[in-house]
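Here is a friendly walk through one model, element by element. Please keep the structure open beside the text as you read.

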Amino acid sequence: MVTQLYASLATGFFLLLTVRIFGIRGNPLFKFISYGNENEEVIHRAVRGHGNFIEYAPLFFILLYLAEEAGTHNHILHSLAIMFMIGRLMHGILFSFMLRKSIVLRGGGIFLTLLALGLVGLVNFVQYIAIYF
């Protein structure tokens, strides 16, 4: 299952973002992943990187699973999932691990995320119309 592979990879990245927040907030077990000046901006950026990931991932993976169950070709599923994962990695790395702002990572990340989300939604819609109309 394609969805299973990418949902598992996404879970690993989600856990990394979670551990990063633990490190920033001073948990001694995760201090190794903390760096820089732990001021409010750093904490806020890491929390937003984590939160932003969890805001988009569930809907994408539900739609990817539905497309997979409807018989979408694996190469389309892989393409959509890779696009989504690259977008989320770009955005998550920017907010959770970088102290500087980057329009390339931010803009590219959200563009790839929304493109993948829109396309997987469109694939599901087209398949629904083809099956039931």
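At 1.5 Å a residue, the 23 residues of helix 1 should span 33 Å, and the end C-alpha atoms of helix 1 are 34 Å apart, which agrees. The expected span here is 1.5 Å times one less than the number of residues. Helices are DSSP runs of H or I with at least four residues, strands are runs of E with at least two, and both are numbered from the N terminus.

A word on the ground rules: this is a predicted model, in which local features need pLDDT of at least 70 and side-chain atom pairs count only at pLDDT 80 or more, while totals for chains, interfaces and linings use all residues. Residues are numbered from 1 along each chain as its sequence is written, and side-chain values use heavy atoms, with hydrogens and water left out.

Which residues of helix 1 are buried? They are Val2, Thr3, Tyr6, Ala10, Phe13, Leu17, Thr18, Val19, Arg20, Ile21, Gly23 and Ile24. Buried means under 20% relative accessible area, exposed means over 50%, and partly exposed lies in between (1.4 Å probe, protein chains only). An α-helix has 3.6 residues a turn, so residues three or four places apart point the same way. The buried residues of helix 1 pack against helix 2 (40–69) and helix 3 (74–97). After helix 1 comes Gly26, with a positive phi near 100°.

Thr3 counts as buried because its relative accessibility is 7%. Leaving aside residues up to four places away in sequence, Thr3 touches Phe61, Leu64, Tyr65 and Glu68; contact means heavy atoms within 4.5 Å. With Tyr65 there is also a reach of 3.5 Å from the side chain of Thr3 to the backbone nitrogen.

How many salt bridges does the structure hold? There is one, and in it the side chains of Glu55 and Arg48 meet at 3.2 Å, N to O. A salt bridge is a side-chain nitrogen of Lys or Arg within 4 Å of a carboxyl oxygen of Asp or Glu. Side chains of opposite charge can pair when their charged atoms come close.

| Residue | Relative accessibility | Class |
|---|---|---|
| Thr3 | 7% | buried |
| Arg48 | 30% | partly exposed |
| Glu55 | 47% | partly exposed |
| Phe133 | 72% | exposed |

Phe133 is found in the segment after helix 4 (103–132). Between Phe133 and Gly121 there are 18 Å in space, C-alpha to C-alpha, and the two are twelve residues apart in sequence. Phe133 also belongs to a nonpolar surface patch, together with Phe111, Leu115, Leu119, Leu122, Phe125, Val126, Tyr128, Ile129, Ile131 and Tyr132, and the accessible area of the patch is about 1,200 Å². Patches are made of residues with over 30% relative accessible area and no salt bridge, with like charges joined within 9 Å and nonpolar side chains (Val, Leu, Ile, Met, Phe, Trp, Tyr) within 5 Å.

Now for the whole chain. The protein chain has four helices and zero strands, and its elements run α-α-α-α from the N terminus on. Along the principal axes, its C-alpha atoms fill a box of roughly 55 × 30 × 20 Å. Of its 133 residues, 41% count as buried. Among contacts with a separation of 6 or more, 70% come from residues 24 or more positions apart. The accessible surface of the protein chain comes to about 7,600 Å², and 70% of this belongs to carbon and sulfur atoms.

Note on methods: Polar contact = N/O pair within 3.5 Å; in protein donor to acceptor, adjacent residues only side chain to side chain. Areas by Shrake-Rupley, 256 points an atom, 1.4 Å probe, with all protein chains shown as cover.
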